[in-house]
Amino acid sequence: MTHELRIAVATDPGLVREHNEDSVYVRADLQAVADGMGGHEHGEVASALAVDVLAGWEGDLGPAVAEIARRLDAETPQGAGTTLTAVRWEGLAFQLAHIGDSRAYVLREGELRQISHDHTMVQALVDAGRMTPEEALVHPRRAYVLRALQSGNSHDPDLSWHQAKIEDRYLLCSDGLTDYTDLGDVHDVLLSTEDGTDAAWQLIALANGNGGPDNITCVIIDVVRKKWWQR
């Protein structure tokens with residue numbers, strides 16, 4: 001293999017909430033962010049259950065998400081739920097499983113691009129041409145999620161395959177970052193900060209600098225070329 005993944009993680013409850021309902025999971029071939037819903041305890045339990053399933057999972061993410069939904073129904077109170085954004089790697093190809101309003105981005109050749117699609121009310125209005133992206137950014141109900149993994153009411157995730165390139169940088173994050181941080185600032189940090197851990201904590205500092213009203217989780221994945229002596 002001519003490349004490797006360098007993975008960095010940072011998570012923080014923010015400045016307002018006492019508990020962190022985000023959960024994160026990383027290993028060499030799989031990384032995921034889950035943002036719990038349904039209030040303290042319910043949200044924490046749901047997001048933790050999602051990453052617990054992934055921790056023991058090998059192979060296609062579609063059945064993994066179905067298993068998360070099954071266990072949420074069986075093991076959590078009605079209404080407990082979570083978003084999920086997960087990537088599973090096979091060489092330079094990766095499968096993306098996404099549901100909710102956590103996000104996945106790629107920084108490639110200096111350009112930051114979102115590769116997940118929000119399952120929110122405001123995004124549906126943008127898709128229908130009834131709201132501009134700029135209006136969606138400041139809408140008071142921008143965090144209203146239409147699709148999630150939820151006890152008694154789970155929806156199917158978006159599943160897709162993508163091809164990475166060496167020198168790509170990927171960001172998985174909860175909406176505690178993107179709802180309260182200008183994407184231009186996110187781009188600047190990802191572009192200018194080589195160390196992934198430093199970059200992840202700088203992103204959290206940006207959200208907290210804007211009041212930190214939500215939990216914030218960032219996973220940064222750098223696709224780098226192996227040195228000849230590592231092969």
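Student: Is the crossing of H1 and H2 left-handed or right-handed?

Tutor: The model is a predicted one. In it, the axes of H1 and H2 come within 9 Å. The hand of the H1 and H2 crossing is right-handed.

Student: Are H1 and H2 roughly antiparallel or oblique to each other?

Tutor: Their axes cross at roughly 140 degrees. An angle counts as roughly antiparallel when it is over 145 degrees. H1 and H2 are therefore oblique.

Student: How many nonpolar residues does the contact of H1 with H2 have?

Tutor: From H1, the contact draws on Ala46, Leu49, Ala50, Asp52, Val53 and Leu54, and from H2 on Leu61, Ala64, Glu67, Ile68, Arg71, Leu72 and Glu75. By class, four of the contact residues are charged, none is polar, and the nonpolar ones number nine.

Student: Which residues have the most contacts inside the largest nonpolar core?

Tutor: This core has 22 residues. In general, nonpolar side chains tend to be buried together in soluble globular proteins. The residues with the most contacts inside the core are Leu54, Leu61, Ile68, Leu84 and Leu149.

Student: Is Leu61 buried or exposed?

Tutor: Leu61 lies in helix H2. Beyond its neighbours within four places in sequence, Leu61 is in contact with Leu30, Leu54, Ala86, Val87, Arg88, Gln95, Ala97 and Leu159. Its relative accessible area is 1%, and under 20% counts as buried. Leu61 is therefore buried.

Student: How many residues does the second, separate core have?

Tutor: Among the members of this second core are Tyr105, Ala200, Ile204 and Ile220. The core is separate, and its size is 17 residues.

Student: Are H6 and H7 roughly parallel or roughly antiparallel?

Tutor: Helix H6 (residues 183–192) and helix H7 (residues 196–209) have axes that come within 9 Å and cross at roughly 160 degrees. Because an angle over 145 degrees counts as roughly antiparallel, H6 and H7 are roughly antiparallel.

Student: Is Ser174 buried or exposed?

Tutor: Ser174 sits in the loop between S11 and helix H5 (175–178). Apart from neighbours within four places in sequence, Ser174 is in contact with Asp22, Val33, Asp35, Ser102, Asn215, Ile216 and Thr217. With a relative accessible area of 0%, Ser174 is buried.

Student: Is Glu109 buried or exposed?

Tutor: Glu109 belongs to the loop between strand S7 (103–108) and strand S8 (111–114). Although not a glycine, Glu109 has a positive phi of about 50 degrees. Its relative accessibility is 77%, so Glu109 counts as exposed.

Student: What is the phi of Glu167?

Tutor: Glu167 is found in the loop between strand S10 (158–163) and strand S11 (169–173). Glu167 is exposed, with a relative accessible area of 71%. Although Glu167 is not a glycine, its phi is positive, at about 85 degrees.

Definitions and conventions
Residues numbered from 1 in each chain as written. Predicted model: local features only at pLDDT ≥ 70, side-chain atom pairs only at ≥ 80, totals over all residues. Heavy atoms only, no water. Axes fitted to C-alpha atoms, helices over the stretch in contact; angles between N-to-C directions. Helix = DSSP H or I, 4+ residues; strand = E, 2+ residues; numbered from the N terminus. Parallel < 35°, antiparallel > 145°, perpendicular 65-115°, else oblique. Buried < 20%, exposed > 50% of the residue type's maximum accessible area, 1.4 Å probe, protein only. Core = buried A, V, L, I, M, F, W, Y, C linked by side-chain atoms within 4.5 Å. Contact = heavy atoms within 4.5 Å. Left-handed = near helix turned anticlockwise from the far one by under 90°. Nonpolar A, V, L, I, M, F, W, Y, C, P; charged D, E, K, R; others polar.
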